[in-house]
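Please look through the sequence and the model shown here before reading the briefing that follows.

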Amino acid sequence: MASSSSSSLLFLTLFIFSVISAVTACPPSDRAALLAFKDALTEPNLGIFHNWTGNDCCQGWYGLSCDPNTHRVTDINLRGESQDRIFQKLQLTGYMTGNISPEICKLTGLSTLVLADWKGISGDIPSCIASSLSSLRILDLTGNQISGEVPADIGKLRRLTVLSLGDNAISGEIPKSIVNLAGLKHLDLSNNKISGGLPWNFGNLRMLSRALLSRNELTGSIPKSVFKMNRLADLDLSMNRITGSIPVQLGKMKVLSTLKLDGNSMSGQIPSRLLSNSGMGILNLSRNGFEGPIPDVFGAKTYFMALDLSYNNLTGKIPGSLSSARFMGHLDLSHNHLCGTIPVGSPFDHLDAASFSDNDCLCGNPLKSCE
């Protein structure tokens, strides 16, 4: 009798445990979607998918996190340049080929999708990501060989705060719907093949703090709506085909501290407010067609870590007020049409001749003496 009772108790315990395990495990649909996602990828070096086994993808599957209440998969965080111990132990960086399976769109509880810096992942971004993953906050596919276009409906991801697609082979234009991402804080589309202009209402992205759009094929001018972006600290449009002049409003943006417009086809004069803005720390306007004098508006609050105005058509003298700058780390005025005596004192006493070379008639230290 006692033996029978013990067996019954053991069976009941195992049954209850199996029921609890079934309830707390990730849904079979999430597991199936993850396995399809994995099957479309090949990672030969690190074996990060080796522990994607068993019925519960919430337990021990590398790079995954689940909601503790619903047990739905919420985060996929796989980064080829990760500092994870698995990378450090093998002294390898990740390399992965394959493509992103549309089955990923069945993980409707997903808030983070990071599949970055694997170098060899190709194919398109599944368009269903924009229509199916409404909870997505972070989409980071940087550093691969992804092609195709940014999904046209990307603006449906209303909770998105990070959109990072840099260092790929993405083409097409920036979707007009992108301006609907009201909570977007970080945008990186750099080093792709994106063409067309910035949306005229790009400034609707009022929460954006970083807009990294360099090394593309963007055309047109900088939309004036940008000045409405009160939180924008970093704007990088370098190495594109941008035309037109610099909107005066950029110089009035109190938070903007890094502005890179180098390597475009811009023209006109440099706005005084841009150089007198005490919050500006890195300004690169080189390799354009800017003309006229350098505004003489520097002062005690001027603090430039880097100011590069080289390879333009600037004329006149080097502003004497530069000597009153609080700090001037790197200054490059070379390859212009400047003339006159180079001012003395800081920052000119620590700059070399390359900062002033190939102008029309500059003289004085560190160039030849004025006669």
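**Briefing on the predicted model**

S177 is found in the loop that runs between strand β8 (162-164) and strand β9 (186-188), where helices (H or I, at least four residues) and strands (E, at least two) are DSSP runs numbered from the N terminus. This is a predicted model, in which local features need pLDDT of at least 70 and side-chain atom pairs count only at pLDDT 80 or more, while totals for chains, interfaces and linings use all residues. Residues are numbered from 1 along each chain as its sequence is written, and side-chain values use heavy atoms, with hydrogens and water left out.

**The surroundings of S177**

- S177 is buried because its relative accessible area is 17%, given that buried means under 20% relative accessible area, exposed means over 50%, and partly exposed lies in between (1.4 Å probe, protein chains only).
- A polar atom of the S177 side chain lies 3.0 Å from the backbone nitrogen of G155.

**The annotated span**

**An open sheet**

- Five strands form an open sheet in the order β15-β17-β19-β21-β22, with parallel pairing, where two strands pair if DSSP finds at least two bridges between them.
- The edge strands of this sheet are β15 (267-268) and β22 (361-363), each of which pairs on one side only.
- Strand β17 (residues 289-293) pairs with strand β19 (residues 313-316) in the parallel sense over three bridges, and the bridge partner of P293 in β19 is T315.

**Salt bridges**

- Seven salt bridges are found in a search of the whole structure, a salt bridge being a side-chain nitrogen of Lys or Arg within 4 Å of a carboxyl oxygen of Asp or Glu.
- In one of them, the side chains of R72 and D30 meet at 2.9 Å, N to O; R72 lies in the loop between β2 (64-66) and β3 (73-79) and D30 lies in helix α2 (residues 28-39), so this pair ties together parts that are 42 residues apart in sequence.
- R72 is partly exposed, with a relative accessible area of 23%, whereas D30 is buried, with a relative accessible area of 0%.
- R79 also forms a salt bridge, with D140, and the closest N and O atoms are 2.8 Å apart; this pair links distant parts of the chain, as R79 is in strand β3 and D140 is in strand β7 (residues 138-140), 61 residues apart.
- R79 counts as partly exposed because its relative accessible area is 29%, whereas D140 counts as buried because its relative accessibility is 8%.
- R79 and D140 are linked together with D117 in a network of salt bridges.
- The side chains of K156 and D153 meet in a salt bridge at 3.7 Å, N to O, with K156 partly exposed at a relative accessible area of 48% and D153 partly exposed at 38% relative accessibility.

Note on methods
Polar contact = N/O pair within 3.5 Å; in protein donor to acceptor, adjacent residues only side chain to side chain.
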